[in-house]
Amino acid sequence: MPEPQSTTPDPVIVVRDATATLGARPVLRGIDLTVRRGEVVALLGANGSGKSTAVRSVIGQVPLSGGTVELFGTPLRRFRDWARVGYVPQRTTAAGGVPATIREVVASGRLSRTRLGLPRKADRAAVDRAIELVGLADRAKDSVGALSGGQHQRVLIARALAAEPELLIMDEPMAGVDLASQEILAATLREQVAAGATVLLVLHELGPLEPLIDRAVVLRDGCVMHDGPPPKAVGQHALPGHDHVHPHAASEPVRTGLLS
Ligand SMILES: Nc1ncnc2c1ncn2[C@@H]1O[C@H](COP(=O)(O)OP(=O)(O)OP(=O)(O)O)[C@@H](O)[C@H]1O
Ligand SMILES: [Mg+2]
């Protein structure tokens with residue numbers, strides 16, 4: 001399908017033929033993934049299909065055994081502009097060590113912008129705004145140790161937002177979050193996207209984020225099984241082959257293909 005060159009936004013993430021082995025196990029087996037400026041892309045697939053490994057390889061936390069990653073047009077090994085990237089890791093059940101306050105944790109997300117000195121007014125304002133966006137302003141001084149799982153997840157998201165990143169990468173931000181909090185996060189994300197953010201997020205279900213998703217990439221056993229409109233009903237058993245044409249995909253070039 002020919003793409004009109006002049007209107008296609010620049011790619012923010014380009015992953016080409018990425019392979020990764022963890023332990024002795026091939027976890028990524030040649031995945032391709034492009035996310036363009038302003039796109040919201042959902043990475044879907046069953047447990048163990050390689051979603052977290054894929055997003056962690058994008059931010060350099062998992063070394064590739066083959067293939068390449070570029071961020072904002074720069075090969076990953078030369079990329080230094082981490083203030084442009086916000087990352088929300090997949091929540092683990094293990095509790096953290098030293099309890100910090102919500103504000104401290106969120107402010108840590110701003111470090112990439114404040115390392116040359118003390119936090120400035122703009123830094124403090126960005127931290128306050130991020131906490132407010134996720135609906136925790138009244139609890140900013142509370143210890144994160146006293147939070148529920150879903151509240152903790154909102155703190156991690158606020159931490160990523162505090163840096164005002166151009167690219168947000170989130171690994172299952174909705175996991176363990178109740179519907180009311182999911183709606184808050186969806187509204188937060190909608191605001192980021194409206195302000196021009198590019199988003200790659202791992203999801204098990206599209207849920208309240210469904211209207212925001214431009215494209216879905218489905219992994220299976222470390223391979224891309226689908227890259228195109230989001231499947232209509234996506235759950236634990238996300239499968240390619242749905243012919244549903246997603247209304248939000250209308251203006252985007254859609255690539256659909258099996259790489260295995
Ligand atoms: N550090 C590691 N050492 C060895 N194997 C690993 C490691 N991390 C992940 N794996 C394996 O790699 C595969 C993919 O894991 P990954 O966490 O990327 O899957 P996922 O799609 O994110 O799954 P989930 O939906 O459960 O989060 C799994 O089989 C997992 O056991
Ligand atoms: Mg995962």
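The residues of the shell around ligand 1 split into 9 polar, 2 charged and 2 nonpolar. Keep in mind that this is a predicted model.

**Around ligand 1**

- The shell holds 13 residues, and the ones that come nearest to ligand 1 are Leu-22, Asn-47, Lys-51, Ser-52 and Thr-53.
- Two elements, strand S2 (25-36) and helix H1 (51-58), each give two or more residues to that shell.
- Helix H1 has the largest share, with 3 residues.

**Asp-17**

- Asp-17 isn't a glycine, yet its phi is positive, near 50°.
- You'll find Asp-17 in strand S1, which runs over residues 11-22.
- Asp-17 counts as partly exposed because it has 14 C-beta neighbours inside 10 Å, and that label covers counts between the exposed limit of 12 or fewer and the buried limit of 20 or more.

**Glu-172**

- Glu-172 is another residue other than glycine with a positive phi, here near 55°.
- Glu-172 sits in a loop, with strand S7 (167-171) on one side and helix H6 (179-194) on the other.
- There are 21 other C-beta atoms within 10 Å of Glu-172, so this residue is buried, given that the cut-off is 20 or more.

**Side by side**

- Asp-17 is partly exposed, while Glu-172 is buried.

Notes
Residues are numbered from 1 along each chain as its sequence is written. Chains are lettered from A and ligands numbered from 1 in the order in which they are written. This is a predicted model: local features need pLDDT of at least 70, side-chain atom pairs count only at pLDDT 80 or more; totals for chains, interfaces and linings use all residues. A residue is near a molecule or strand if its C-beta atom, placed from the backbone, lies within 6 Å of it. Helices (H or I, at least four residues) and strands (E, at least two) are DSSP runs, numbered from the N terminus. Ala, Val, Leu, Ile, Met, Phe, Trp, Tyr, Cys and Pro count as nonpolar, Asp, Glu, Lys and Arg as charged, and the others, Gly among them, as polar.
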